[in-house]
Amino acid sequence: MKRLFLTIAAMALAAPALAYDGTNCKAPGNCWEPKPDYPERVEGSKYDPQHDPAELSKQGESLAVMDARNAWRVWNMKKTGSFEYDVKKIDGYDETTAPPAE
Amino acid sequence: MISNTPKARGASGLAMAVALGFAVLTPAPATANEQLVEMAKDPANWVMTGRDYNAQNYSEMTDINKENVRQLRPAWSFSTGVLHGHEGTPLVVGDRMFVHSPFPNTTFALDLNEPGKIVWMNKPKQNPTARTVACCDVVNRGLAYWPGDGDVKPLIFRTQLDGHIVAMDAETGETRWIMENSDIKVGSTLTIAPYVIKDMVLVGSSGAELGVRGYVTAYDVKSGEMRWRAFATGPDEELLLAEDFNAPNPHYGQKNLGTETWEGDAWKIGGGTNWGWYAYDPDEDLFYYGSGNPAPWNETMRPGDNKWTMAIWGREATTGQAKFAYQKTPHDEWDYAGVNVMMLSEQEDKQGQMRKMLTHPDRNGIVYTLDRTNGDLISADKMDDTVNWVKEVQLDTGLPVRDPEFGTRMDHKARDICPSAMGYHNQGHDSYDPERKLFMLGINHICMDWEPFMLPYRAGQFFVGATLTMYPGPKGDRQNALGLGQIKAYDAITGEMKWDKMERFAVWGGTMATAGGLTFYGTLDGFIKARDSDTGDLLWKFKLPSGVIGHPMTYKHDGRQYVAIMYGVGGWPGVGLVFDLADPTAGLGSVGAFKRLQEYTQMGGGVMVFSIDGDGPYSDPMVGEYVSGEPT
């Protein structure tokens, strides 16, 4: 309720711009405004995306394991002089640790 | 010798290369930067996507010119053996032409003395599932070349749709290393061409239509070791900002905006991928590129400016740190993915001051010109007067003044928005003629209706959330779905169009200008055309086997100038034809707009090479003939 009130107050202050035209900035580089009748925040509104945090973290996890495998590939090529893509064929590979420091 | 697998040994290939007398490039003792700059000065070579670091697609050669272009004929051709969209352009280094292909991204090396001979071929094995998470056909935009040093011989770099970056020996095609950059399981693919700066290879990202948070990565050319990675959204440490980021233009925004312009954790699936092109200024050690659209397309689900999607970046190559960024489309509502070509020039501004500039024709219908040393906005002109989402771009604030009538929002179907999501300009790599001080722009003329809808995010699934109908712009023929493209010569200082011409379909592949006063480009309906750079008059054209979505290139071999172009229709405009779709809203709305395309072209895939009178390596028909007892 308080949020709704603030939203209405903010909209009143933003007058005379009746609609979002991109020129009323809260701060440098931050000029977004809700359109008339649309919420300032979507959380709890009928447009709440309700993102699952587990889904949102999948990309970061995926990059971490790819980078870890790459580190082993680089380490192995430096050590042996030949390249092996398949980390399971890399001598000493351990998916839970980084390759030994040089 | 044809090596079908990356494991194929290089020794015999190298021996054969020597036996056949191929030029073995002797690396000079300069840095890779300087070597590439030097090599690009030689008209024999085309060593990177936009020919040189200025990315002008411009050639000093005058052998082919306005007077004799009517005598231009095919000299030879090569089929890649695959269908689907053939974007980008081949590279030429010395006696070799390097050709890339769409999925499965086979790389070919051809001998320019005898192009009938495939010197090597490197064909990767990829998980076919990669195809299912490609938003807009299984295209690839090109290769990169590193000239080698005392330790390591020259290398060719390739990205693969399945997310790998690969280094191959340029002589033999043998794979040197492969690294994982993108994971198809989360919808992250690669279509961008790699780009070599110093001893690093840059790799972009794709997948904003699947909610992929964009990033650019630099790898060591020799070992594949990651040097740095910079994201488009999120905390400043991950954005990789320099201490003085945007200090010359603090009103562009500076610290903490990668999170503050988003609600909650939405930035984690916020798009901003870069799959376009790069340019580089060695004196500033800054490279330039654009970040793509925020995810999802449904604007109501992501309040805020959504920084730093849709931004022009100036990053220090050595460290990856951003010196400046300018957001062109705050809080995107139209999928104006800001990844388009960056063309560098040095020109006098309106005050008569010599400026180092960067010119960038964006999806949103505006051509931006910035001072590339500090990000100052010099000009921002509509590429066509029918652009309506924005009234103007204020040069002092840098803000686009939006017209609320043409915005998008939930529970509302917006109509007649121009440009459409395909933009008034897309992935085509254009050109700049430094003599005429004109940018040759391949333009789209497509508008749209747009209605968003709510949808959940599931990693690996599409995260678009909008239904589109696209059709020709006001200057085209909406009844007959034709008149979807334009080509124009643009002056970035005066903002004037020196000339403009309509095209039947979008000019999707880009342009190339030459000192011969010619502007070359390919069309979706299957022609390569040459126009007079001063007047825009059509001087010559040739009917290729299929439509074109790549940019033309030119090189000199044995004292003869050749013009080469890839054909093979596809990409976003071709998805209806390529995947046999009929629903006009399918293909993210492109099927309806390009429903007439199939009346003019079918799929293909190859390179066509032209010269005056078609003279070339086989003008002597005995060249390349089988002679008993000799290896061929």
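Colleague: Which residue is the bridge partner of E392(B) in β24(B)?

Modeller: This is a predicted model, in which local features need pLDDT of at least 70, side-chain atom pairs count only at pLDDT 80 or more, and totals for chains, interfaces and linings use all residues. Residues are numbered from 1 along each chain as its sequence is written, chains are lettered from A and ligands numbered from 1 in the order in which they are written, and side-chain values use heavy atoms, with hydrogens and water left out. Strands (E, at least two residues) and helices (H or I, at least four) are DSSP runs numbered from the N terminus. In β24(B), E392(B) is bridged to V401(B).

Colleague: How many bridges join strand β23 to strand β24 of chain B?

Modeller: Strands pair if DSSP finds at least two bridges between them. Here β23 (residues 390-393) and β24 (residues 400-402) of chain B run antiparallel. Six residues lie between the strands of this hairpin, and G398(B) takes a positive phi near 80°. The bridges joining the strands number three.

Colleague: What is the area buried between chain B and chain A?

Modeller: Buried area is the accessible area (1.4 Å probe) that two parts lose on being put together, summed over both. The contact (heavy atoms within 4.5 Å) takes 58 residues from chain B and 38 residues from chain A. Carbon and sulfur atoms give 58% of the buried area, which is about 4,000 Å².

Colleague: How many salt bridges does the rule find across the interface of chain B and chain A?

Modeller: A salt bridge puts a side-chain nitrogen of Lys or Arg within 4 Å of a carboxyl oxygen of Asp or Glu. K46(A) and D411(B) meet this way, at 3.7 Å, N to O. Across the interface of chain B and chain A, the count is eight.

Colleague: Which element gives the largest share of the side of chain B that touches chain A?

Modeller: Elements giving two or more residues to that side are β10 (175-180), β14 (226-231), α4 (257-260) and β24 of chain B. The largest share is five residues, and it comes from β10(B).

Colleague: Where is the cis peptide bond with omega about 0°?

Modeller: Most peptide bonds are trans. The bond from F103(B) to P104(B) is cis, with omega near 15°. P104(B) sits in the loop between β4 (96-99) and β5 (107-111) of chain B. The cis bond with omega about 0° joins K307(B) and W308(B).
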